[in-house]
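Dear colleague,

I am passing on a structure for you to look over, and my notes on it follow directly below the entry. Please read them with the model open beside you.

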Amino acid sequence: MKQVRGLGSRIKEAAHDVTKLKKGSNHSGGGESSAGSVAEEEVEEGSTAGGTTTVVSDEGGEQEEKVVKEEVAADNNNIGVFFKNRLQKMGTGIKTATDAVTGGAGNVVHKLAITKIDDDDGGSSGGVAKDQDEGEEEVTEEETNEEKKKFRMPPDDVLQKMIVIGKQKIKGVSIQDYYEVAWSEGNDCDKEPIYGPFLTSCGKNDVNVDKWESQEGGYKGEWCGENYTQQRIVTFNFMKQTIGQTLVSVQHTQRCRRIENDRCILHMTLKMKGFPYADCFVVEVRHVASRVGENDILVEMGLHVRFLKSCMFESKIRTNTTAETTKLQMDLLALITEGCKPYAKEIAGDEEEEVEEDEGDEEEIDDTAEESKDIICDLPLIRFFITLGAKIFLWPFIKLDLFDPFPPTTVDEALTNVRRRVALLDKISCDGVTDEQKDELAKEMKAIQASLKHIEAITSIP
């Protein structure tokens, strides 16, 4: 505020000088009373034209009038130049004084420190600017660290089209370690195979996991339409309980790509054969591992049952397939999480910050787990209504032959099927009949068994 007061004094001085120059101009303008005298005036700093001594003689009215006009013009020019230079020197200070009235003392002190009012104030803004630069560098570094902690990859577009069946956050693990543990099968790394042994532990037979292949141009997904850098085939089979035991053959076409050290995508298409309606659909399963923050990853799994042709049991197939596949993939994710733990890096930091950062992800994971549990818990109720509706509306119009997975090709197979039906008939027919009727039914059943043995004997003769 001391400089502001000094500035006010300078403004008053400037106004006084201007008034003085104006008076001189008015005096020179009254040339009628100054004929025959010599007028001499020294113009102060800032004058650039007309600053010479002017002599007015009395040798004629025309010459006197001309000289007076030249002197008035010169004085006016001096006034303008002086005032302009003075304002240029104090212009910044005038602006600062205005801010003093409107902006408050704090704002004025800051602007006075960085504004050059006169020559004596030179160099005062250098220290302030340096301090500001240092502060900006510190803020920039803090903002960068904060951005790293809050880093999130954008959502996967294909995963948004699927049912999310599970999520799991794995701390301190890189995308490279995750890929090597979960999907490399020990090829080109020091990790142990995990996918093949997992399928074997689930009761799958003849498990074969091919090595990853790559080609120029990559591999395009049939359903998602995305391009992948690697592809491999996984095959196995298992016994499935349908109407009797049926051998089911399964083929997984797995495709994979990685986006630097930020994301790893594994997409697999499951094709099955060996049971009714197996050729009507395929199952799409997707594992997306994305970097979260500086050191963690979040694994999300999606599922989609894709029908290749229309089927009257689409709802039942979708429900059963979703439940079975969800359980299998959740078990696989748990195994992958355990396999990644030895390679997790411990990061020094505030645990409270990590807890706050993970709250949102854990809530999403819990919600997904609850949804999966709800689906599984509702399965008996859904199955009941589907079965009830089928018995009432569909069963009377369906031929039982449609449920035979494979028609018998030999006499032995046909006889085996007939004996099963006879045994079922014997059990059902004995319910709700009298003892006499039961005896008659028993005799008929024995006769049927004897006929079957006779047929078997005839067909076995070469």
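Two strands are taken to pair if DSSP finds at least two bridges between them, while helices (H or I, at least four residues) and strands (E, at least two) are DSSP runs, numbered from the N terminus. This is a predicted model, in which local features need pLDDT of at least 70 and side-chain atom pairs count only at pLDDT 80 or more, whereas totals for chains, interfaces and linings use all residues. Residues are numbered from 1 along each chain as its sequence is written, and side-chain values use heavy atoms, with hydrogens and water left out.

The sheet

Seven strands make up an open sheet with antiparallel pairing, in the order E3-E11-E10-E9-E8-E7-E4. At its edges are strand E3 (163-170) and strand E4 (205-209), each of which pairs on one side only, and from one strand to the next the twist averages 15°. E3 and E11 run antiparallel and are joined by seven bridges, with valine 164 opposite glycine 302 in E11. Twelve bridges link E10 to E11, again antiparallel, and here valine 288 faces glutamate 300 in E11; the hairpin of these two strands has three residues between them, and in it glycine 293 takes a positive phi near 70°. Strand E7 (residues 230-242) and strand E8 (residues 244-259) are antiparallel and share 13 bridges, and glutamine 230 stands opposite cysteine 256 in E8.

Helix H7 (residues 314-340) packs on this sheet, where it touches E3, E7, E9, E10 and E11, and its direction makes about 160° with that of E11; contact here means heavy atoms within 4.5 Å, and angles run from 0 to 180 degrees between N-to-C directions, with axes being lines fitted to C-alpha atoms, for helices over the stretch in contact. Helix H5 (residues 175-182) lies across E7, E8, strand E9 (263-273), strand E10 (281-292) and E11, and runs at about 145° to E10.

The cores

A nonpolar core is a set of buried Ala, Val, Leu, Ile, Met, Phe, Trp, Tyr and Cys residues joined through side-chain atoms within 4.5 Å, where buried means under 20% relative accessible area, exposed over 50% and partly exposed in between (1.4 Å probe, protein chains only). The largest such core has 45 residues, of which Tyr178, Trp183, Phe281 and Ile336 touch the most other members. Strand E11 (residues 296-307) gives the most to this core, with six residues, and eleven of the twelve residues of E11 are buried. Not counting residues up to four places away in sequence, tryptophan 183 touches Tyr178, Tyr195, Trp212, Arg232, Leu266, Met268, His287, Leu332 and Ile336.

Two loop residues

Aspartate 188, in the loop between H5 and helix H6 (195-201), has a positive phi near 60° although it is not a glycine, and it is exposed, with a relative accessible area of 83%. Glutamate 260, in the loop between E8 and E9, likewise has a positive phi, of about 50°, without being a glycine, and counts as exposed at 69% relative accessibility.

A helix pair

Helix H9 (residues 411-429) and helix H10 (residues 435-460) pack at an angle of about 175°, with their axes 11 Å apart. H9 and H10 are therefore roughly antiparallel to each other, a term used for angles over 145 degrees, with those under 35 counted as roughly parallel, 65 to 115 as roughly perpendicular and the rest as oblique.

With best wishes
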